[in-house]
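Me: I am new to this structure. Please take me through a few of its features, one question at a time.

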Amino acid sequence: TDAAPAEMINRRKEVVAQIKEAKAECKPLLTLLEDPALSKPGKGDNKGYRDTLVMMAEKNNITPEMVEGLYKYAKTLFECGNYGQVDAGAPLGAAEFLSVYRMICKDPSGQNALSAQWGKLAAEILLEKWDEAIDDFKKLREVIDTRHFANPLLQLEQRTWLIHWGLFVYFKPELSTHPNGRSELIDLLFSERYLQTIQTNCPHMLRYLTAAVMTNQSRRNVLKDLVRIIQQERSVYVDPITEFVECLLVNFDFDGAQEKLKQCDKLLDGDYFLGSLKDDFVSNARLFIFETYCRIHQCIDIKMLADKLNMKEDEAEVWIVNLVRNARLDAKIDSEKRHVIMGATKPSVHQQIINKTKPLCFRSYVLAGNFQKQRAKYDPSQDPTGDGGV
């Protein structure tokens, strides 16, 4: 039959009663929020809106109990699936009410205020408001890092959850218009506190950190640190993505890297967050293999290289030609012998001079300091510290 079970009907009545009860507790505040004199909040910190709201709340005798009632009402709406405004003309929902609660609550550093921040982030993720979600993610990180927790384990737990929720913000979906999303995630996960959180509570997040670095060519500068962390955590976590990096950049095992890349292909298909990055990851992984192979070989057979890259010979040749054409590779192709001949990559004379003279300033400073100490042993009056060279 099409009729709903009696249990569900009764449950619906209970929920509707809860919504009405929660709404009644904060009715004056809800009426205030509908006042035309109160301009709608925009993007940013909304300081002007907050000041106006606080002033009007005091003028209309809005009590702390009503404010807490708004938190309860917003939480109830969230649990019922009313996450917030879908468009500008829609009624207010959980995200908007939680934002208002954080502006006027009596204890901005209290547990409810923190829970409201989490709820607002969750609502924006579910509504796919990615720019707002990124802003709230950063605010939540600041709250977690600056708030005093009675138990350090609670702060560790909050950071652990923040890292996981960051995957929704920075990896899914591709609709986010934020230009440096994964680069910001790399900075977050490589920061000391959050790196310690990964190593302590969630080493499986190394998969996503590695994928973010692999697909971001502007962050090659962190590769050494990434390899070091992967090796440190090898006893507690490995997967094809981390093993690919280890095979290629630690063991220089190109056959092993090729096999791991095939496994990565399957893994990426089944990963909710990394599935959309599959083509980008495979392309960059092949480039990593090629660049590493080129560092230790001057003349490379295209057929053998195609095998290393898990590509057909013709595809590999076209791929290499495109690299040369786009000035990403200093090499020539011998079509007759089917060889790639690498060009010389010696640094210029100016660069060699810069590299050689870079430490001179520090060495001169150390030498001058040692000279002063030695001189002070024989002539205390020359000791700049006044302690006789001790």
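Me: Is C247 buried or exposed?
Reply: This is a predicted model, where local features need pLDDT of at least 70, side-chain atom pairs count only at pLDDT 80 or more, and totals for chains, interfaces and linings use all residues. Residues are numbered from 1 along each chain as its sequence is written, and side-chain values use heavy atoms, leaving out hydrogens and water. Buried means under 20% relative accessible area, exposed over 50%, and partly exposed in between, with a 1.4 Å probe and protein chains only. C247 has 12% relative accessibility, so C247 is buried.

Me: Which cysteine sulfur is closest to that of C247, and how many disulfides does the whole structure hold?
Reply: A disulfide here is a pair of cysteine sulfur atoms within 2.5 Å. The closest cysteine sulfur to that of C247 is in C264, and at 9.7 Å it is too far for a bond. Across the whole structure, the number of disulfides found is zero.

Me: Where is T146, and is T146 buried or exposed?
Reply: T146 sits in helix α7. Helices are DSSP runs (H or I, at least four residues), numbered from the N terminus. The relative accessibility of T146 is 61%, so T146 is exposed.

Me: Which helices do the buried residues of α7 pack against?
Reply: Helix α7 covers residues 130–146. Its buried residues include W130, F137 and L140. They pack against α6, α8, α9 and α10.

Me: Which residues does N284 contact, leaving aside neighbours within four places in sequence?
Reply: N284 lies in helix α15, residues 278–295. N284 counts as buried because its relative accessibility is 3%. Contact means heavy atoms within 4.5 Å. Beyond those neighbours, N284 touches M214, T215 and Q217.

Me: How are α3 and α5 oriented to each other?
Reply: Axes are lines fitted to C-alpha atoms, for helices over the stretch in contact, and angles run from 0 to 180 degrees between N-to-C directions. The axes of α3 and α5 are 10 Å apart, at an angle of about 70 degrees. Angles under 35 degrees count as roughly parallel, over 145 as roughly antiparallel, 65 to 115 as roughly perpendicular and the rest as oblique. The two helices, α3 and α5, are therefore roughly perpendicular.

Key. Expected span 1.5 Å × (residues − 1).
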